[in-house]
Amino acid sequence: MKYLDLIKAALWGGQATWPEEETEQLMRLNAQQGTGALVYPMALEQTDLSAQTRAQMKGVCVQIMQQQTKLQYTLAVAWNALEQAGIHGVLLKGAGLAAFYPEPQRRSWGDVDIFAGKEQYHAACAALRAAFPEALTFDEELEHYKHYNLIADGVSIELHRVTVSLQHPLDARRYAQMERIGMEQAERMVIDGLEVRVPEPTFNMLFVFLHAWEHMISGGANVRQLCDVALMMHRYADRIDRVRFKRWLKALYLDEVWEIYACIAVNDLGLPQEEALSYTEQAAERAEQMMADLLKGAEATGHKEEAKPVRNRWVRKYKTMKERFETAQRIKRYSPSYARHMNLTTILHGAGRLFAKDRRWE
């Protein structure tokens with residue numbers, strides 16, 4: 001498909017031509033998949049594009065560049081505020097992932113994510129409120145939330161207690177140990193003159209994959225997230241502890257799912273096979289299904305508009321459980337083993353929520 005040819009050329013420096021007659025479809029796909037900033041600078045090097053197409057591409061690039069300038073400024077203010085408060089955060093996703101791209105500005109990002117951890121969480125929230133006194137805030141600092149949110153001058157800042165919120169109690173305990181390793185061994189990185197910390201490579205690979213998979217489950221995944229996974233495998237090829245990574249995947253019931261992502265990285269996105277962790281052609285059919293669903297858009301990946309709130313608690317519980325079982329059925333076509341794990345998790349988590357003493361967070 002021409003769209004994927006363009007993606008591969010943009011990631012690895014190959015050649016691909018933008019066909020003018022397919023502009024409408026390609027523009028739609030790039031907007032849908034979050035890859036405009038990646039593809040358009042390369043496409044603009046062509047001399048035979050129409051003035052209208054060039055103007056559309058330049059408009060998207062300028063908008064993304066302006067947004068990233070604001071994001072970089074907000075990140076610097078937030079990071080320095082935490083450091084001055086004695087809080088040592090770790091940068092997640094966003095600007096840290098952009099560093100893996102051929103040119104950082106060609107990986108768009110929409111918010112600022114910083115991990116503070118459970119011990120520093122409340123102090124970090126207070127430090128950010130002080131740094132952005134005019135910011136809009138929502139969500140309480142409850143222990144059940146994954147992160148605390150502020151919106152400062154239109155930029156969303158997510159301050160994380162945990163990097164991923166897993167509902168199965170055993171998954172949560174296992175992942176907490178993995179997260180501790182990733183954060184205790186965080187590495188220094190300089191982004192646009194700002195010195196930050198990013199997670200240790202093996203854990204960072206796991207987290208970025210899990211984040212992409214979370215979006216796949218919720219129906220909000222896109223090709224840009226798959227590009228993140230592929231480029232991280234490429235840049236960390238000699239640094240990821242492959243034995244530990246496989247052990248972690250198996251512990252979280254995600255080894256079958258990972259094979260799909262590795263297969264997509266190689267077969268669709270052009271990652272050299274020798275750099276792919278746990279690559280197997282046995283996952284090719286399932287990988288084709290996932291990529292086809294992604295390119296069809298939100299409807300094919302199970303995305304649903306937010307429903308009106310239901311007041312009756314029992315009806316709400318029933319609807320939530322029903323939706324989660326339906327999601328597991330959709331996920332079954334990619335990974336039957338993970339779908340079974342999802343069903344068990346739904347039952348366990350639902351029972352825990354049903355009898356929880358503190359339900360203010362529902």
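The model is predicted: local features need pLDDT of at least 70, side-chain atom pairs count only at pLDDT 80 or more, and totals for chains, interfaces and linings use all residues. Residues are numbered from 1 along each chain as its sequence is written, and side-chain values use heavy atoms, without hydrogens and water.

Me: Why is E200 called buried?
Reply: Its relative accessible area is 6%. Buried means under 20%, exposed over 50%, partly exposed in between (1.4 Å probe, protein chains only). Therefore E200 counts as buried.

Me: What makes the pair of E200 and T202 a polar contact?
Reply: The T202 backbone nitrogen lies 3.1 Å from a polar atom of the E200 side chain. The term asks for N or O atoms within 3.5 Å; within protein, one must be able to donate a hydrogen and the other to accept it, and residues adjacent in sequence count only if both atoms are side-chain atoms.

Me: Which residues does E200 touch, beyond four places in sequence?
Reply: I181, G182, Q185, A186 and R244. Contact means heavy atoms within 4.5 Å.

Me: How do you know that β6 and β7 pair?
Reply: Five bridges join them, and they run antiparallel. Pairing takes at least two DSSP bridges, so the two strands qualify. R188 stands opposite R197 in β7. Two residues separate the strands in a hairpin, and D192 in the turn has a positive phi of about 50°.

Me: What makes a set of residues a nonpolar core?
Reply: Its members are buried Ala, Val, Leu, Ile, Met, Phe, Trp, Tyr and Cys residues, joined through side-chain atoms within 4.5 Å. The largest has 83 residues; W258 is one of those touching the most other members.

Terms used
Helix = DSSP H or I, 4+ residues; strand = E, 2+ residues; numbered from the N terminus.
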